[in-house]
Every structure is written in C-alpha cells, then in structure tokens.
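Subject: Two-chain model, handover and findings

Hello,

Here is the structure we spoke about, for you to look through. My notes on what was found in it follow below.

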Amino acid sequence: MTFFSLTLILIALVTFVAGQLFLKRAMEFVSRSSFRNPRFIWLLSAGICSMAISFFLTLGLLQHFDLSYLYPFQGLSIIMITLLAAIVLKEKLTLQLAIGALLISAGVALVSLS
Amino acid sequence: MRDRPSGFFNPWFQLALSVVCVLASELLLKRGASDTANPASAWSWTGISGLASPLVWWAIGLIIISFLSWLYVLRYIPLTIAFPMSRVVDVLVPLGCWIFLGEVISARRWVGIALVIIGLAVLAKPVARFEERL
C-alpha cells in the first residue's frame, strides 16, 4: 500500500460520508417543502456528485486491490456517519445507538479482514 | 408526524430492498471491474475502464434502484439508525457465499458476523422507541 492509494481510499470514504449527509439534508427539505425548492436541488446535486466521485474512485481501487482488502474501511464509514449525523444534522445519538454502531463497525471490519 | 405508509412503501421494506440491491451490485461490480482491469493504463485509477463491462452496467442499474429506495428511507428514518442497519449487507455477502457457494467462513469471520448481529440487536430498542413516535 502506497501513500497515494491510502489517500485515494480516504478520499473515497470522505466523499461517501459527505454524500450521505447531503442526501439526508435534501430529503429533510422535501418533507417540509416541494421537489422544486432550489435548496433541495442544490443539496441533492451535491450529494449525487459526492457519491459519484466516491463510486469511480472505488471502482478504480477495485481494479488494483481485492475487495476484502478495501472493505474493512467501510467499517469506518459507519462510525463517521453516525457521529456526523449527530453533530451536523443534530440527530439524537443515544448511548445505545452509539454502542450498536460501534459493534456493527467492529463486526464489518472483522468480517472483511481475510 | 405523517402516517407511515404500509406495504411496498413502508420505509423498513424499502431499507431491505435497498440492502438486497446493494448486495447484488457489489458482487457484479467486483466481477466487472476484474474483467476489465488494465493496470498499465494511466486512467486505471479513475475506474472509467470498468464501464466496458456489461456487469458494471447491471450493477449501476441496481445501484440506481437502491439509491431511490435509500432516498425514500432517509425521508422517514434518522441516519443514525438507518445507516448502521444498512450495513447488514456486509454480513449477508459472506453468509451468501457460505450458503450458496459452499465457501468456508473462518473463525474470525464468524466472530465478526456475531458482532454485527449483536450490534443490530442493540439497535432494536432505539428503533422500537422511534417507531412509537411515528
């Protein structure tokens, strides 16, 4: 693993997490107003662009590494999204939710390490 | 809060649909990406060459379906609950390989699968509380 590939893995992870947060924000807007709301369109586009960058980076990484090597990093996305949803989106994060998310992250990392 | 739709439009059903589509697309993507791998190309890190594989296009179709149902899920379920639950897919992949392909699951993998299942069980209580509020 080179510094370059690690950087690409991290960028793929961060753009994925950011995309999820944008999409959640966008769908919260739809609940309150219409699909033509410019802010909704902006948030949805930002989410889709972010996820698209992550998708193509992951596809490129898959051509160089095994899935089982890249997948443990998915475990990190659970922790990042749960934490950021609580901080950025002000979702309620109970102790139980945090423990559940940590257990699932650890489980995903163990399953994918081979 | 609004009435929760039932049947096909139930958010939990849509979450399950999204997970199944992701599961199938992951397997197709890996096959498609490996078929078209050309590490010598300067563009190989962008993944663009993967588009030459029909399997990658099938996977993209499934990803679009899972994306739409995921957007629907986000309308109803908080990200702190929906996202960790959606990662059950990471356990379904090795379990699917074990059941359908007869692959062996190592002890470490079984421990990981057990951890994810315990994690989901821990999530069950906040989910039940959230359901009461709906």
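Chain A has five helices and zero strands, so that the order of elements along its sequence reads α-α-α-α-α. Please keep in mind throughout that this is a predicted model. Along the principal axes, the C-alpha atoms of chain A fill a box of roughly 45 × 35 × 20 Å. The chain has 114 residues, and 37% of them count as buried. If one takes the contacts in chain A between residues at least 6 apart in sequence, 71% of them join residues at least 24 apart.

Among the contacts in chain B between residues at least 6 apart in sequence, the part that joins residues at least 24 apart is 69%.

Helix packing

In chain A, the axes of H1(A) and H2(A) come within 7 Å of each other and cross at roughly 155 degrees. Angles over 145 degrees count as roughly antiparallel, and H1(A) is therefore roughly antiparallel to H2(A). The crossing of these two helices is left-handed. Sorted by class, the contact of H1(A) with H2(A) has 19 nonpolar, six polar and two charged residues.

In chain B, helix H1 (residues 11-35) packs against helix H2 (residues 54-76) at an angle of about 155 degrees, and their axes are 8 Å apart. Because of that angle, H1(B) is roughly antiparallel to H2(B). The crossing of H1(B) and H2(B) is left-handed. Their contact has 20 nonpolar, six polar and two charged residues.

The interface

How many residues of chain A are in contact with chain B? There are 39 of them, and they meet 38 residues of chain B. On the chain A side, the elements that give two or more residues are helix H1 (3-32), helix H2 (38-62), helix H4 (72-87) and helix H5 (95-112). The largest share of that side comes from H5(A), with 13 residues. By class, the side of chain A that touches chain B divides into 25 nonpolar, 12 polar and two charged residues.

The core

The largest nonpolar core has 54 residues. The residues with the most contacts inside this core are B:Leu29, B:Val73, B:Ala82 and B:Val116. Not counting residues up to four places away in sequence, B:Val73 touches B:Pro11, B:Gln14, B:Leu15, B:Ser18 and B:Ala82.

Single residues

A:Pro72 lies in helix H4 of chain A. Leaving aside neighbours within four places in sequence, A:Pro72 is in contact with A:Ala109, A:Ser112 and A:Leu113. A:Pro72 and A:Leu6 are 66 residues apart in sequence, and their C-alpha atoms are 13 Å apart in space.

A:Lys90 lies in the loop between H4 and H5 of chain A. Most residues other than glycine have a negative phi. A:Lys90 is not a glycine, yet has a positive phi of about 60 degrees. A:Lys90 counts as exposed because 8 C-beta neighbours lie inside 10 Å.

In chain B, B:Val127 lies in helix H5 (residues 107-133). B:Val127 has 18 other C-beta atoms within 10 Å and is therefore partly exposed. B:Val127 and B:Val89 are 38 residues apart along the chain, and their C-alpha atoms are separated by 18 Å.

Regards

Conventions. Residues numbered from 1 in each chain as written. Chains lettered and ligands numbered in written order. Predicted model: local features only at pLDDT ≥ 70, side-chain atom pairs only at ≥ 80, totals over all residues. Contact = placed C-beta atoms within 7 Å. Helix = DSSP H or I, 4+ residues; strand = E, 2+ residues; numbered from the N terminus. Nonpolar A, V, L, I, M, F, W, Y, C, P; charged D, E, K, R; others polar. Axes fitted to C-alpha atoms, helices over the stretch in contact; angles between N-to-C directions. Parallel < 35°, antiparallel > 145°, perpendicular 65-115°, else oblique. Left-handed = near helix turned anticlockwise from the far one by under 90°. Core = buried A, V, L, I, M, F, W, Y, C linked by C-beta atoms within 7 Å. Buried ≥ 20, exposed ≤ 12 C-beta atoms within 10 Å, placed from the backbone.
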